[in-house]
Every structure is written in structure tokens, then in C-alpha cells.
Amino acid sequence: MLSVVLATRNPGKVAEISSILSGLPLQIKSLLELPELPEIVEDQDTLEGNALKKARHVYAQLHQPTIADDSGLEVYSLAMKPGVLSARYAGEGVTYGENNRKLLRALSGVPFPQRKARFRCVAVFKGTEIEWSVEGVCPGSIAEEPRGEGGFGYDPLFIPDGFDLTFGQLPAETKNRMSHRAHAFFLLKDILREYVNKIG
């Protein structure tokens, strides 16, 4: 089996990504199991830049194949904000709830048809002399109040196109088939399958 490191300490991401990549001959561990590694400052201007920085940093430290991603919520009426600042939209070290409340304040009075948004994810695989990047997008709208206890981040506010429920209300298996992260990691899964087969 190929040992792969997920460059994240977010348990929600670990569970979601591990579920999507299940079925591949991978032994997956995350930075949750590697507390000795320092935190990676996500200071790049784009999702792509942050994902690449995390993958390259962890690979340089461990010399093991590494998977990293960065995701953001982009709201059209807010000029695609919070975007790359999604995790710290309300400031450094804030809770998901604080980010959600700031977003709702920013959209206060905006009618539902003008609350269009998309989740976007960039995923990177870094190996020896190999670096792949893929992108996944999930279009939707922002609810007027949080709904549901599932998922993490902005999930209680995001209603994917074609549904009346938020990601926070939908079953995890449904979200994992259609989310921005799912789209990106299903593409990466195909790449990883070919890579594993190639190295034997």
C-alpha cells in the first residue's frame, strides 16, 4: 500500500477525504497524527497557492507523498468573497459560527435570488518529481439562516443547486458525492489510481 499524508489537521476534512479515497490501496494519515510538524501559514493569495504551499511543505518535511487542498466559499454579490479568506473571514482563530454570522451580516437584506455562491476546492498531490493539481466546484446559494448540524464550516448556510436543504442538513454520503471537495478528489482519485498502478 502507498503511504500518503493529508496535509490537514481538520478532522472534518480528514473524514470526508478518506471516505472519497476509500477503495484505493492507500494508507492515509493526517497531520493530526503528526503533532511535531509546525503549523503551515496559509498566506497565499489564491486557493491554488495555499494548496501547493501545504503539499510542498509537508513533502519537504517528511519525504512522503502528500495530498493537500484549500477550499473557499465565493459569493457572487460579495465580489467572490470570502474566497481564499473563508476560514478566517471573521478574523484569526475564529469559530465556524463567527464566520457564518459575519457572512449573514454581509448579505443582510439581499434577496434569495441574489445570494448565489459556489464552493471551490483545489487539491494537490505531491510526490517524487510529481505534482498534480485539480479543481472542483459546487454551485449553490446562501440560506438566510443556519440550518442543520452536519458538516463543518459554511455547510449550514450553503444550499447546493437542485436541493432545498443545506449541506448541514444533507446526509454526509450525499454531500460527499456532490461537494466541491468531492468533485476535486474524485478527479484526484483517478490520478492516484493510475499512479499506484504505475509504481506497482
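K189 lies in helix α5, which spans residues 180-199. In this predicted model, K189 is buried but forms no salt bridge. The nearest side chain of opposite charge belongs to D190 and is 7.4 Å away. The side chain of K189 instead reaches the backbone oxygen of S22, at 2.8 Å. When neighbours within four places in sequence are left aside, the contacts of K189 are with I20, L21, S22 and L24.

Elsewhere, charged side chains do pair, and the structure holds 17 salt bridges. One of them joins the side chains of K54 and E42, with an N to O distance of 3.3 Å. Because K54 is in helix α2 (residues 47-62) and E42 is in the loop between β2 (26-30) and α2, this pair ties together parts that are 12 residues apart in sequence. K54 has a relative accessibility of 4% and therefore counts as buried, whereas E42, at 26%, counts as partly exposed.

A further salt bridge is formed by the side chains of E135 and R120, at 3.2 Å from N to O. E135 belongs to strand β6 (residues 130-142) and R120 to strand β5 (residues 116-127), so the pair ties together parts 15 residues apart in sequence. The relative accessibility of E135 is 39%, which places this residue among those counted as partly exposed; R120, at 10%, counts as buried.

The side chains of K175 and D155 also meet in a salt bridge, with an N to O distance of 2.5 Å. This pair links distant parts of the chain, 20 residues apart: K175 is in helix α4 (residues 172-178), and D155 is in the loop between β6 and β7 (158-160). Both K175 and D155 are buried. The two residues also take part in a network of salt bridges that links them with K13, E16, D69 and R181.

The largest pocket contains about 880 Å³ of space. Its lining consists of 35 residues, and those nearest the centre of the pocket are N10, K13, E42, D70 and A87. At least two lining residues of the largest pocket come from each of α1 (11-20), β3 (66-75), α3 (96-106) and α5. Strand β3 gives the most to this lining, with 4 residues. Helix α5, which also contributes to the lining, is the helix in which K189 lies.

Technical notes:
Residues are numbered from 1 along each chain as its sequence is written. This is a predicted model: local features need pLDDT of at least 70, side-chain atom pairs count only at pLDDT 80 or more; totals for chains, interfaces and linings use all residues. Side-chain values use heavy atoms; hydrogens and water are left out. Buried means under 20% relative accessible area, exposed over 50%, partly exposed in between (1.4 Å probe, protein chains only). Lys and Arg count as positive and Asp and Glu as negative; His and the chain ends are not counted. A salt bridge is a side-chain nitrogen of Lys or Arg within 4 Å of a carboxyl oxygen of Asp or Glu. A polar contact is a pair of N or O atoms within 3.5 Å; within protein, one must be able to donate a hydrogen and the other to accept it, and residues adjacent in sequence count only if both atoms are side-chain atoms. Contact means heavy atoms within 4.5 Å. On a 1 Å grid over the protein atoms alone, a cavity is a set of points where a 1.4 Å probe fits but cannot get out, and a pocket is an open set with protein on both sides within 12 Å along at least five of seven lines; lining residues have an atom within 4 Å of a point. Grid points are joined across faces, edges and corners, and a volume is the space filled by probe spheres set on the points.
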